[in-house]
Amino acid sequence: MSIHTLKILFITHSFNSLAQRLYIELAQRGHEVSIELDINDAVTAQAVELYRPDLIVAPFLKRIIPEAIWRNHTCFVVHPGIVGDRGPSALDWAIMRDCAEWGVTVLQASGEMDAGDIWAAETFPMRLAKKSSLYRNEVIEAAVRAVLAAVERFQSGNFKPQPLDYSRPEVRGRLHAPIKQIDRAIDWQRDDTRAVLKKIHAADGFPGVLDMLCGEPYYLFDTCAEDALRGEPGAIIATRNGAICRATLDGAVWIGHLKRKTEGEPAFKLPATLALGKQLADAPEIPLDPFTDCAGETYRDIRFEQKNNVGYLHFAFYNGAMSTEQCERLREAYVAATQRDVRVIVLMGGADFWSNGIHLNCIEAAASPADESWRNINAMNDLMRAIITTGSQLTVAALQGNAGAGGVFLSLAADHVYARAGVVFNPHYKGMGNLYGSEYWTYLLPRRAGEARAAALTQNRLPVGAAQARQMGLIDGCFGTGRENFLARIEQIAEGLAASPDYPALLRDKTARRERDEQEKPLEAYRAEELQHMKLNFYGFDPSYHVARYNFVYKIPHAWTPLYLARHRRIT
Ligand code: COA
């Protein structure tokens, strides 16, 4: 290994989006990274012994690093807080306390949690948004900058990290207590809309705000403001596409997802109306057409907007998961978009996620998960086919957020694929209990990446950064670290295509290529072959997919680190 590159071991609670992004960035700079999930002290010690890393990085930990490790190795801990902030609820409190600025600090593990010497720190302006959204955007971008700076400083060999010193005026953070449900509780008779939004945002992702609904305890997630509807504070006054609307003192909020609080029994997040089921007696469903112009704030997961000759179809599904019903509504909206007077359709996904494929939580909740998996994948395939076979427009996929499994192939259905520079792709299904996958991936992936690379991508199960995806030909371009400059560039590209003198020729070429491909092997044949495998996954003797899905939705911790992550455990 060259003197300039390091052997880095990640110790992390899970290989989450931050760990994946850091893995990509460090690997791109020539470092060799191996991953050990934080299972227990003995396993961590064994990983260090096997790998003998130059440096240890902890992107996302819920426990402290064992003393025997931090005493003998430099360990960087990524803390999602400003310098001096200490404790496990960093972002939660920053949102609750309306901090105008927040940050990420890379500190060296020591005997006291988050109190070690500081190697690097970055800040960012806060916005009123879900904790999960701040984490997936601002925190990840700041963490990448801070970790890369810290690694360079470590490599230089002459950097002295700063001890934490609360007497310095620039050290603004403090030790905070872990946030409790009592701190998060909503008083519907006293809290105004902003206070309610803030409380639910600060708990988004995990653990949610504990509240009572229809006489039962639920954790609330996924909220946004409603400008028009009004009612008795706390009452459920409307539903829309799985979300419920609750009145506040001065307005109303939508709540998209709930998790039932159960004694002893595990539970998982579901769309609110599905979680409440029959208990939700008389709230009216107030639909909102994706094509309706609507200036005020409200809940809408699918939205179409048109500028000049370009149509933008937004689909912001929570966590990027797409249920049967969402796939069907999106296909209807897409088909309606093709009937508009537009030359280019830009598929926008959502601000935080592009798509993560079929909705594993809704499938788990169904009376027959096998039947629901079948319905969901077919609904996804119908949507894909509508996009692939579009002859009346050019299509562009604009990935603002990450894509996983079937969600990656959804983007490849478009004629042109562009991603924001920080986007992470997981173009594989295998981790979900050896799921074969469908979504016409056997057609779409090799035609972009080639057969050999397609096989490697699906087998290796590793995340791929946008730049790497561009190099492989998986996508056509990546740019803009921030959303705004990404979207501005996308608009330029789409307008450019629509106004191009070559537009008729481009459309003709596209149709001709589709016809040629169809002659060679019909789309239906790809679908039938893929579904043959999926049928075995859903209905066959091997229950691996059902077990993996169960573990995924109930968040059962890993008992060991998969070998495709833990290179130090591979026998070569
Ligand atoms: N269905 C339901 N929920 C999903 C989902 C899916 N297909 N994909 C992701 N989620 C949820 C996660 O449960 C998590 O929920 P949370 O709100 O409780 O945190 C959230 O989305 C974020 O996922 P997470 O795993 O933390 O994101 P990540 O960026 O760290 O990892 C993936 C991204 C794609 C590797 C990972 O989410 C994954 O493996 N998803 C499943 C993909 C899949 O197998 N789809 C089905 C086949 S098409």
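1. A polar backbone atom of N356 lies 3.0 Å from a nitrogen atom of the ligand; a polar contact is a pair of N or O atoms within 3.5 Å, and within protein one must be able to donate a hydrogen and the other to accept it, with residues adjacent in sequence counting only if both atoms are side-chain atoms. An oxygen atom of the ligand is 2.8 Å from a backbone N or O atom of S17, and a polar side-chain atom of K555 is 3.1 Å from an oxygen atom of the ligand. The ligand taken alone exposes 860 Å², of which the protein buries 85% (Shrake-Rupley method, 1.4 Å probe; for residues, only the protein chains shown count as cover).

2. This is a predicted model, in which local features need pLDDT of at least 70 and side-chain atom pairs count only at pLDDT 80 or more, while totals for chains, interfaces and linings use all residues. Residues are numbered from 1 along each chain as its sequence is written, and side-chain values use heavy atoms, with hydrogens and water left out.

3. Helices (H or I, at least four residues) and strands (E, at least two) are DSSP runs, numbered from the N terminus.

4. In strand 4 (residues 75–79), 5 of 5 residues are buried, buried meaning under 20% relative accessible area, exposed over 50%, and partly exposed in between (1.4 Å probe, protein chains only). C75, V77 and H79 lie on one side, with F76 and V78 on the other.

5. Strand 4 pairs with strand 3 (residues 55–58) in the parallel sense over 3 bridges; two strands pair if DSSP finds at least two bridges between them. C75 is the bridge partner of I56. Strands 4 and 5 (residues 101–108 for strand 5) run antiparallel and are joined by 4 bridges, with V106 the bridge partner of V78.

6. Helix 11 (residues 369–388) is largely enclosed by the rest of the structure, because 14 of its 20 residues are buried.

7. S156 lies in helix 5 (residues 131–156) and is partly exposed, at 41% relative accessible area. The side chain of S156 reaches the backbone oxygen of R153 at 2.7 Å and makes a polar contact of 2.9 Å with the side chain of N158.
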